[in-house]
Amino acid sequence: MTDHGHLSLYNQYVNIQGGWGEIEDVTVAEYVWLDGSGIILRSKCRTLEGRITSVDQCPEWNYDGSSCYQAPTDNSEIIMRPVAIFRDPFRRGNHILVMCDTYKWTDGTCQDLVPANTNFRIHAKKIFDAQDEEPWFGIEQEYTLVGTKTKFTTWPLGWPHNGYPGPQGPYYCSVGANNCFGRAIADAHYKACLYAGIKVSGTNAEVMPGQWEYQVGPVEGIAIGDHIWMSRYLLQRIAEDFNVDISFAPKLFEDWNGSGCHTNFSTKTMRAGTGGMQYISDMMEKFAAKHKDHIELYGEDN
């Protein structure tokens, strides 16, 4: 029996009657973090007494960083500090998802903590806290649904296993079994995000068959990072139930549409219109001066 085949048994034992929702005297908290790869999310859960209504009620926790590309085996403990909580769309009830940033010990004495290798949030937060422009972000996250019949499968859903699908054209915002592949996953993800409290604002099929996009925002400040990372976690958890993998790779196949993560951005001054187009043009010149640095940090294969 495949892992996917076990879902009926899982539902029989875990979701029978009231499921997780009938467990009310404790909170199951799924701690989520970004590992040392910079793109892979990890998680593990713990039981917390009572009902958790604020991130401040979530204690710090730890995990083995040597198994997550973040620490050597002789000093492997990584500390998680909760930064945001969301409702858990899988367990439901009082249960929560906890987004964390990560810290490592400077040495084996475990006296001083420094940000782990992919904890960029702490540095970004200093910048966000030092400004008063109330920046809004809207993220358009594209991704590809990749079938996982075998360990080495790389074809997206809807692609024949012995060639390529018909030319791009009919797949964008498509309807119908010949053109639209994976709607059940995209819709399940949309609903899970709404339940969790992630500010998802839409979804649609994209240009390449098996490719989709969803949008998150507008969200102010550093919270956009928490929302987009947790939305990616939910997407991968849901695809797992369908025995499908998620690829955020910018270019899976030459000559076929790539997947981006488009960022829409505005400041309080921009939204008020008091600075006119000159305010926006001046901002673009500042971005242009650091264009190469930005591209180098936007992920592999850009």
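Start by selecting Cys110, which is partly exposed, with a relative accessible area of 33%. The model on your screen is predicted. Cys110 sits in the loop between β5 and β6 (113-115). Now check its backbone. The phi of Cys110 is positive, about 55°, although Cys110 is not a glycine. Why stop for that? Most residues other than glycine have a negative phi.

**Next: Asp255**

Jump to the loop between β10 (244-247) and β11 (261-266), where Asp255 lies. Here is another positive phi in a residue other than glycine, near 75°. Is Asp255 buried or exposed? Asp255 is exposed, because its relative accessible area of 67% is over the 50% cut-off.

**Next: a cis peptide bond**

Select Gly217 and Pro218 together. The peptide bond from Gly217 to Pro218 is cis, with omega near 0°. Most peptide bonds are trans. Pro218 belongs to strand β9, which covers residues 211-220.

**Next: a buried histidine**

Find His95 in the loop between β4 (77-87) and β5 (96-105). His95 has a relative accessible area of 1%, so it counts as buried. What does the side chain of His95 reach? It reaches the backbone nitrogen of Val28, at 2.9 Å.

**Next: a contact from a helix**

Move to helix α5, residues 268-272, and pick Thr269. Its relative accessibility is 19%. The cut-off for buried is under 20%, so Thr269 counts as buried. The side chains of Thr269 and Glu133 are joined by a polar contact of 2.7 Å.

**Next: a nonpolar patch**

Bring the surface back. Select Ile39, Ile40 and Tyr69, which make a nonpolar surface patch of about 300 Å². Ile39 is in the loop between β1 and β2 (41-49).

**Last stop: a charged patch**

Keep the surface on and colour by charge. Select Glu22, Glu24, Asp25 and Glu49. These residues gather in a patch of negative charge on the surface. Zoom in on Glu24, in the loop between α1 (7-14) and β1 (26-34). Glu24 counts as exposed because its relative accessible area is 59%, over the 50% cut-off.

Methods: Residues are numbered from 1 along each chain as its sequence is written. This is a predicted model: local features need pLDDT of at least 70, side-chain atom pairs count only at pLDDT 80 or more; totals for chains, interfaces and linings use all residues. Side-chain values use heavy atoms; hydrogens and water are left out. Patches are made of residues with over 30% relative accessible area and no salt bridge: like charges are joined within 9 Å, nonpolar side chains (Val, Leu, Ile, Met, Phe, Trp, Tyr) within 5 Å. Accessible areas come from the Shrake-Rupley method with a 1.4 Å probe; for residues, only the protein chains shown count as cover. A salt bridge is a side-chain nitrogen of Lys or Arg within 4 Å of a carboxyl oxygen of Asp or Glu. Lys and Arg count as positive and Asp and Glu as negative; His and the chain ends are not counted. The place of a charge is taken as NZ of Lys, CZ of Arg, CG of Asp or CD of Glu. Helices (H or I, at least four residues) and strands (E, at least two) are DSSP runs, numbered from the N terminus. Buried means under 20% relative accessible area, exposed over 50%, partly exposed in between (1.4 Å probe, protein chains only). A polar contact is a pair of N or O atoms within 3.5 Å; within protein, one must be able to donate a hydrogen and the other to accept it, and residues adjacent in sequence count only if both atoms are side-chain atoms.
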